[in-house]
Amino acid sequence: MPRITDEQTTEVLRLHSEGLSRNEISRRTGISAGSVTRIGHAAGLAFDRSETKHANEARQVDLAAARIRLAGKMLHRSERMLDELDNPYLVYNFGGKDNTYEEHTLERAPVEVRRNAVVTAGITFDKLTRIVERDAGGVESAAGVLDQVAGALQAAADVMRDEGATDAEAE
């Protein structure tokens, strides 16, 4: 590894005085980031990491919001799946020697389909609770967030039911 020259050290210190980050100084000078840090420390200087800290905090907020959005979608799908269990259920089959299509409508979903829907909803609830607890700061905060999510989903369901009644009246 080549020794860092006095000119390189002077350049690092000059770039630092311009307010450049450690990594940017490293890119411009071709000196490793660790060496740039050592040069700065030897001169009694430090690198401002507040922008990195703020960027990381913003990223964490964005990720938490994305997890909450995804959790809401998962909850909505699970609720819809559970709501449809008592509706008529279409079963069908392709095949046979003539490659035919056959279908039959059952009064409601078969037991294995109902069981899978309940298990899926249980998993969704468990995952949703963990996501909300993590991002909301604990069980008490999670309960409040879950109440808000439930209220929003109830309002959306009411709107969908009203739209369904309007569509049925129009026919």
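**View 1. Buried residues of helix H1 are Val12, Leu15 and His16.** Buried means under 20% relative accessible area and exposed over 50%, with partly exposed in between (1.4 Å probe, protein chains only). The buried residues fall within an arc of 105 degrees seen down the H1 axis, so they line one face of the helix; the arc is that of the directions from the helix axis to the C-beta atoms. Asp6, Glu7, Thr10 and Ser17 are exposed on the other side of H1. The model is predicted: local features need pLDDT of at least 70, side-chain atom pairs count only at pLDDT 80 or more, and totals for chains, interfaces and linings use all residues. Residues are numbered from 1 along each chain as its sequence is written, and side-chain values use heavy atoms, without hydrogens and water.

**View 2. Strands E1 (residues 89-95) and E2 (residues 100-106) run antiparallel and are joined by 7 bridges.** Strands (E, at least two residues) and helices (H or I, at least four) are DSSP runs numbered from the N terminus, and two strands pair if DSSP finds at least two bridges between them. Tyr89 has Leu106 of E2 as its bridge partner. The hairpin has 4 residues between the strands, and Gly96 takes a positive phi near 80 degrees.

**View 3. Helix H1 spans residues 6-17.** Its 12 residues reach 17 Å from first C-alpha to last, close to the 16 Å expected at 1.5 Å a residue. The expected span is 1.5 Å times one less than the number of residues.
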